[in-house]
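Visitor: I would like to learn how to read a model like this one. Please take me through it feature by feature.

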Amino acid sequence: MLTPQPPLGMAVDKTAELGITIALAGIVAVALTFSLIDWYRTRRPLVLSLMASGGAIMIFEPMVDTVGGCWFPSNSWTAFNAWGRPLPVWLCLAYFVYFGIATSAIWKALRKGLTQRQIWLIFCAAMLGDLIFETVLLTMNPYVYYGYQPLVFGKFPLWWMAVNAAIPLVLATLIYRFDSYFRGWKTLAVIPLALTTSAAVNAAVGWPSWLVINTDVGWVLTQVGGLATFVVACYVVKVVASVVASPRAGREQLPRATRQVPA
């Protein structure tokens with residue numbers, strides 16, 4: 001084979017899959033309720049649209065999984081098939097949670113004002129959230145990473161969390177910068193924007209890892225590819241911070257003393 005192949009014979013434990021699906025469905029239901037409440041309070045359905053856009057990003061999952069070496073068993077409760085890959089129902093729910101809720105939270109935080117340091121903290125928090133979420137999931141084996149994965153921690157290749165954290169940050173930044181455009185019926189434009197942003201960030205940040213995952217270049221260069229993904233992701237965050245960060249509150253400057261003139 002020209003590239004590493006997924007474990008086609010892998011099967012998911014149905015009890016574990018049921019538990020994962022129910023848990024994520026509950027989170028989505030709560031998030032949906034809050035998005036409707038936010039719509040009522042603000043008269044803007046933007047948070048609801050971001051929830052929808054988070055789920056819509058799912059259509060790129062088969063492509064990303066192909067180059068990024070991720071496989072979901074064929075006996076999963078499948079939402080749809082694409083590129084010869086089955087995509088489970090629980091993964092669709094996870095997209096609503098991670099990309100929908102995370103983008104909404106970051107957007108609201110940006111509206112309140114964030115310093116560069118706080119933007120970096122949000123990026124790190126998003127990475128940590130992805131790390132914990134996927135580490136827990138991988139203990140139940142509902143999916144697997146294969147190929148020459150760099151920076152593997154347990155069963156989780158760490159480069160994925162850099163990509164997954166950058167997507168909602170960049171998307172929230174774009175919406176914040178062009179907030180006046182997403183009003184009225186134009187709010188729906190966040191959905192194609194989310195799709196485009198997801199594709200662009202995946203490619204811009206993930207390509208160094210994609211190259212080494214599908215090519216046997218040796219252990220050292222494989223790890224270099226994963227580190228390069230982190231370097232690119234950090235540069236993206238730096239650009240975001242320089243564009244939308246609020247200036248740090250400095251000490252109030254005292255007025256310069258003036259020389260008194262004798263009477």
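Guide: What follows goes from the overall build to rings, cysteines and surface. This is a predicted model, so local features need pLDDT of at least 70 and side-chain atom pairs count only at pLDDT 80 or more, while totals for chains, interfaces and linings use all residues. Residues are numbered from 1 along each chain as its sequence is written, and side-chain values use heavy atoms, with hydrogens and water left out.

Visitor: How many helices and strands does the protein have?

Guide: Helices (H or I, at least four residues) and strands (E, at least two) are DSSP runs, numbered from the N terminus. Here there are eight helices and six strands. Their order from the N terminus is α-α-α-β-β-β-α-α-β-β-β-α-α-α. Along the principal axes, the C-alpha atoms fill a box of roughly 100 × 50 × 30 Å.

Visitor: What share of the residues is buried?

Guide: Buried means under 20% relative accessible area, exposed over 50%, partly exposed in between (1.4 Å probe, protein chains only). Of the 263 residues in the protein, 46% are buried.

Visitor: How do I read an aromatic pair?

Guide: A pair of aromatic rings is described by the distance of the centres and the angle of the planes. Rings of Phe, Tyr and Trp (its six-membered ring) pair if their centres lie within 6.5 Å; planes under 30 degrees apart are stacked, over 60 edge-to-face, the rest tilted. The whole structure holds 11 aromatic pairs. Take Y145 and W160: the centres are 5.3 Å apart and the planes at 45°, so this pair is tilted. Y145 lies in strand β4 (residues 144–145) and W160 in helix α6 (residues 159–177), so the pair ties together parts 15 residues apart in sequence.

Visitor: Are Y145 and W160 buried or exposed?

Guide: Both are buried. Y145 and W160 also belong to one aromatic cluster with F72, W90, Y143, F156 and W159.

Visitor: How many disulfides are there?

Guide: A disulfide is a covalent bond between the sulfur atoms of two cysteines. The test is a pair of cysteine sulfur atoms within 2.5 Å. The count is zero. For C92, the nearest cysteine sulfur, that of C70, is 13 Å away. C92 is buried, at 16% relative accessible area. For C124, the nearest cysteine sulfur belongs to C234, 7.6 Å away. C124 is partly exposed, at 39%.

Visitor: Where does V217 lie?

Guide: V217 is in the loop between α7 (190–213) and α8 (219–244). Its relative accessibility is 33%, so V217 counts as partly exposed.
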